Amino acid sequence: MVFLRALAIAAGMVLFATASSSQELKIGLSAEPSAMDPHYHNLTPNNSLLSHVFERLIATDEKQRLLPGLAESWKVVGDTVWEFKLRQNVKWHDGSPFTADDVIFTFQRAPNVPNSPSSFAGGVKGKTVTKVDDHTIRISTEAVAPTLPNDVATIMIVSKKHGEGAKTEDYNSGKAAIGTGPYKFTKFTPGDRIEFERNDAYWGAKPKWTKLLFKPIPAGPARVAALLAGDVDMIEDTPTADIERLKKDPKVQLSQGISNRLIYLFVDHARDVTPFAKAKDGAETKNPFKDKRVRQAVTKAINRDAIVARVMEGVAVPAGQFLPDGYFGISDKLKPVAFDAAGAKKLLEEAGYANGFKLTLHTPNGRYINDAKIAEAVAQMLTRAGIETSLEALQPSVFFTRASQGGPNNTPEFSFILVGWSSGTGENSGSLVPLVNTFDRAKGTGTANRGRYSNPEVDQISAEALRTNDDTKRAALLAKATEIAIEDVALIPLHYQVNTWAARKGLSYKARSDEFTLATDVTEK
Amino acid sequence: MTAYLLRRLMQTAVVVMVMSVIVFFGVHVIGDPVWLLVNPQMDQRDIEAAVRALGLDRPIWEQYVYFVRGALQGDLGRSFIFGEPALTVIVQRMPATLELAVAALVMAIVIGIPLGLYAGLKPQHALSKIIMAGSIVGFSLPTFWVGLMLIMVFAVMLGWLPSTGRGPTATYFGITSSAFTLEGLRYLFLPALNLALLKISLVIRLTRAGARESLQQDYIKFARAKGLTHGRIVRVHLLKNILIPVVTVLGLEFGNLIAFSVVTETIFAWPGMGKLLIGAIQTLDRPVIVAHLIIIVLLFVVINLVVDVLYTVLDPRVRVGRQTA
């Protein structure tokens, strides 16, 4: 009886189900943005979402190439000075004009947001902004800074009028969330939804969707279900396990694009004895990775095509360097190392490891797409080549603490790890310097160099590249340093991730390599 | 009674204290949240600055002393992720969870009691056997699986109900809830049912057992002998007596509904405290984890206390003041 009533209610509810208006776009996000303050948390979920409301002086296209944003043009006017011409007739959402003062204010605010867990100081550091006139600014630096435009392209510009004295809470409430972007902030309900509406006075191309609704749905299967049920029009970060099935679904359309995220293996280059590499009988032994032939054997023993085909279900691209094709400063000579089991065995023999050795591979579980499964495949491949590899998968929070500073004196703890990296600047120095330049706290190089690789030649050429304003010369230097590092097997590239957005039939997304999900790039056929 | 309440209060303080120590140090042992918070591109000095800003560079006992000092003044610390006071972050999400728990409780009562009563009154009937078998299924199926199946069937295949999130809210009598709008109810139905399933089964079993036991009692026989109608016996005499244990258990279960809505909230992306807790655990947002658990402990204590006190009101044989346990 009561069941019947419940059913009747459920059936009645169906009658009230409304078809979603074609002008509203609902997007299911995989991670929840932590705030509506564009300078609070420098992390992809926030940076991606807030790009709808706020804009940068320099925008980036889907391959992270630089495009004019709030600045129409920029050029070097002295060795250490850049001049930016700001766009005229740009209005803030409240109607007040955008001027150089807003830019100067932004550069003061960005690195100084209270309680910020991850600040924008990196993009602002060492830069002094001066006003030439209302629509011209100059940015001067202490040293030559050829990647200055890439840094500038990470900072979202806020209104001085609304931002002065504003706290992160004021952005969350919408009071200070006044941007110049194609969408205006409407509502932020933490954990639940974010709503934007079209800015009809936008200076650029008029956005197609009148309203945007973003829903954070962290659980992968639930996100897919929300799309299939029609509760959202598009989802990001489609679980790889569902991709094959969704491909066959006539109601769904997938958009895929290679990302700038490299999945790679790092070996311990520094210590003479490394804790997780042991002789066959378990006795302590010298660090085998100090021998370049062992590193070469490891990279040859890995069948990247098999990992891509089996573990990643085809949704990845084998990697031979730090960034995929089309990026600034990469080498056109480097290709993914071919699988060569016999060659690997031979190299191990030459290095005196005819009987192999014991090794533990540490990997985060749940940080990158299929990370633990990839590590499992790698461990099996190495074991087949004679390096008896066991696997330890850790919670990301545990993994990164130990992999970065778990050893004595806050040194990296592990001997052999699987990690991922994406270039924040969208060009090769953003990978080369943090990954394979010598770890140096004062210079800020080698930040993510968890293998503590150190090669003076790579350091020197990288440093020279960062002193070179000439694009062609700089690209050549970056490529050369990359070739030296990869040839020396500083790290072992596995593959580049491919990101998949899934949308209802008729919608397509211009897949972005920086993993941003932008409603302005969603088009309807 | 006053002495009893005072003693309970002291016990509560000790429980909260011990719990906060365990959680605080436990989370510290798991790992360092900084590596999940910072942008990987940040250089070493900026990372160290972030560590200092969060106070994580201090020894753990010092952080704990600092935390206790704040907690005594009602400040449970700021969320590492959201930068707002942990209490604010949790309270923001509390209405959604309460709404879900109340809806599940209502479902448990409205569905569980009639079915249980039916099974108790007509134990040999085929329908009773189906009800009891169903309650076993309700007990044994894992919540996350049932949740996904509900989504698959009602949202994806039939398209009757939304699969995810909370619907629009409305405010009446100072309470903002999505249960006040028709659209909101559609969003509420599946997650509430998922959360209620276990409780429905529980209520069915309790009601059935109570009914079968009471039917044998003298007062029922006497009522029959007096010539009362069957309906009146069931409604007035039987139901009243079997409701006492049911109410007690449901009172205690209400705390469970709030505290353990984690799975349901995660699957249905329900913006409540449970989903917040899971996120906080994944990112080691210690202030939120600690504050969340303190609130839950207090909640349980208050509910237990209310149930205890109500018991003395409902049942004159019970005197809480003289309890020795």
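Okay, some housekeeping. Residues are numbered from 1 along each chain as its sequence is written, and chains are lettered from A, with ligands numbered from 1, in the order in which they are written. Since the model is predicted, local features need pLDDT of at least 70 and side-chain atom pairs count only at pLDDT 80 or more, while totals for chains, interfaces and linings use all residues.

Let's start with chain A. Its secondary structure comes to 17 helices and 22 strands; helices here are DSSP runs of H or I with at least four residues, strands are runs of E with at least two, and both are numbered from the N terminus. The radius of gyration of chain A is 25 Å, close to the 24 Å from the globule rule for 525 residues, so chain A is as compact as a globular protein of that length. (That radius is taken over C-alpha atoms, and the rule is 2.2 Å times the number of residues to the power 0.38.) Along its principal axes, the C-alpha trace spans about 80 × 70 × 40 Å. Buried residues make up 52% of the chain, where buried takes 20 or more other C-beta atoms within 10 Å of the residue's own, with C-beta atoms placed from the backbone.

Now zoom in on one helix, α13 of chain A, residues 371-385. Which residues of α13(A) are buried? Among them are Asp371(A), Ile374(A), Val378(A) and Leu382(A). (The arc is that of the directions from the helix axis to the C-beta atoms.) Just after α13(A), Gly386(A) takes a positive phi of about 115°.

Over to chain B. This one has 13 helices and 2 strands, and of its 325 residues, 39% count as buried. Its C-alpha atoms fill a box of roughly 85 × 60 × 40 Å along the principal axes.

Finally, where the chains meet. 55 residues of chain B are in contact with 52 residues of chain A, contact being C-beta atoms, placed from the backbone, within 7 Å. Several helices of chain B each supply at least two residues to that side, including α5 (86-121) and α8 (182-215).

Key: Expected span 1.5 Å × (residues − 1). Buried ≥ 20, exposed ≤ 12 C-beta atoms within 10 Å, placed from the backbone. Contact = placed C-beta atoms within 7 Å.
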